[in-house]
Amino acid sequence: MTNAIYKIINLENQKFYVGSTNNIKVRFRQHRKLLRGNRHHSKHLQAAWNKYGEDKFVFVVVEEVEHKDALKAIEERYLLEHVGKKYCYNTGRSADAPWRNAPSEVTPNFGRKWSEELKGRVSQSLKEFYAENYYNHPRVGKTHSEETRAKISAAKLANPVKPWLGKNRSEETKAKVGDAQRGKPKVEGRKVSEAGMAKIRAAAEAGHYSHWTGRSHTEEAKQKLRKQISATDPQGIVHRYGSLTEVLQTLGLLMPTLNRALKSGKPLSKGPRMGWSFKYVDTPSAT
C-alpha cells in the first residue's frame, strides 16, 4: 500500500480528476467500478467517461506521501489549486466531502423536486437514526458561531413556538406564581439545605439556574461513563483509546462515522481513516 495523490486523466483533452488514497490498487478499482456502473459522484468525470470510453482514461500517481496523516492536507492543496478550472473534473474543495463548497447547479439533486411521500420517508428515517443513538446527529460536538446563534434567535422570536418565548412576566405575576408554589411539598425524599436554597435564590436573581451548576462528576463516575475503544489500523497495529472523545480528537473522525464503524465492526471504506476498524473494549465492572 502506498500513500499517494493520484489523477484520473482524460487522454483526449488532458482534463483530470484528482484524489488521495493509502491503497492505490483498491482505490483505482473502486473508481472503475463506479464509473462502469454509471454511479460515480463526479458527474463531469462520469459524463466524460461515458462519452470517450474507458480506454481513453489513465490512472496515475502524481505524488507519493510519506505519512498517511498528511494526505488530506496535500489533496486539499491540489483541490484549491485546480477546482473551478476548465481542465479539472472535481467540483468540491474538501477532501472529506466531494460536494462541499461545490456550486449548487452541479450537485446531483439540483432542480429535483421531492414528493411529499419521499420527504416523509426521509424525515422518518433520519428521526429514527438520530433517536437510536445521540451521537448519530451530525451536530454533536459542534457549536454555532455567534452570528448563527443571533440568526436562530431572531427567527424563533419572529415565529415563537413557546408562548412565553422572548417575553417577561410582570413582578405581580411572578409574586403570584411564587405564592402559589411556596410551602408546597417537593418530590418525595428531596431535601434542600438552607445553603442550597441560598445558592438557588442567588442564581435565580442573577437570571440563570441549573441543578448541576457548581457540581462535577467524581473521577470514579467519569471512569464509568467513559467507553474505551480498540482501533486497528490498516497495518494491523492495535491502538487503545480511553474514550470516544479521545478517538474523535486523535483521528479526526466525526461521531456518526465512528458509531457506524463500531456497530458494523467493519473497516472504514473511505475517508482519511480508510481501512481502520473499531470496537469497544470490555472492561470489568466495579465490585
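Which strands are included in what covers the buried residues of H3? The points below take up this question and related features.

1. Basis of the note. The model is a predicted one, in which local features need pLDDT of at least 70 and side-chain atom pairs count only at pLDDT 80 or more, while totals for chains, interfaces and linings use all residues. Residues are numbered from 1 along each chain as its sequence is written, and side-chain values use heavy atoms, with hydrogens and water left out.

2. Cover of helix H3. The cover of the buried residues of H3 includes strand E1 (4-10), strand E2 (16-21) and strand E3 (57-64). Helices (H or I, at least four residues) and strands (E, at least two) are DSSP runs, numbered from the N terminus. Contact here means heavy atoms within 4.5 Å.

3. Dimensions and faces of H3. Helix H3 covers residues 71-82, twelve residues in total, and reaches 17 Å from its first C-alpha to its last, close to the expected 16 Å; the expected span is 1.5 Å times one less than the number of residues. Its buried residues are Leu 71, Ile 74, Glu 75, Tyr 78, Leu 79 and His 82. Viewed down the axis of H3, these buried residues fall within an arc of 145°, so they line one face of the helix; the arc is that of the directions from the helix axis to the C-beta atoms. Ala 73 and Leu 80, on the other side of H3, are exposed. Buried means under 20% relative accessible area, exposed over 50%, and partly exposed in between (1.4 Å probe, protein chains only).

4. The sheet. Three strands form an open, antiparallel sheet in the order E2-E1-E3. E2 and E3 stand at the edges with a single partner strand each, so one side of each has no neighbour in the sheet. The twist averages 25° from one strand to the next. E1 and E2 run antiparallel and are joined by six bridges; strands count as paired if DSSP finds at least two bridges between them. Ala 4 has Thr 21 in E2 as its bridge partner. H3 packs on the sheet, touching E1, E2 and E3, and its direction makes about 165° with that of E2. Axes are lines fitted to C-alpha atoms, for helices over the stretch in contact, and angles run from 0 to 180 degrees between N-to-C directions.

5. Around H3. His 67 is located in the loop between E3 and H3 and counts as exposed, at 52% relative accessibility. His 67 and Ala 4 are 63 residues apart in sequence, yet 9.6 Å apart in space, C-alpha to C-alpha. Just after H3, Gly 84 takes a positive phi of about 100°.

6. The whole structure contains twelve salt bridges, each defined as a side-chain nitrogen of Lys or Arg within 4 Å of a carboxyl oxygen of Asp or Glu. One of them joins Lys 56 to Glu 12, with the closest N and O atoms 3.3 Å apart. Lys 56 lies in the loop between helix H2 (43-52) and E3, and Glu 12 in the loop between E1 and E2, so the pair ties together parts that are 44 residues apart in sequence. Lys 56 is partly exposed at 31% relative accessible area, and Glu 12 is partly exposed at 45%.

7. Salt bridges within helices. Glu 116 and Lys 119 form a salt bridge (3.6 Å, N to O); both lie in helix H4 (residues 116-132), three residues apart. Lys 151 and Glu 147 also meet in a salt bridge (3.7 Å, N to O), and both are exposed.
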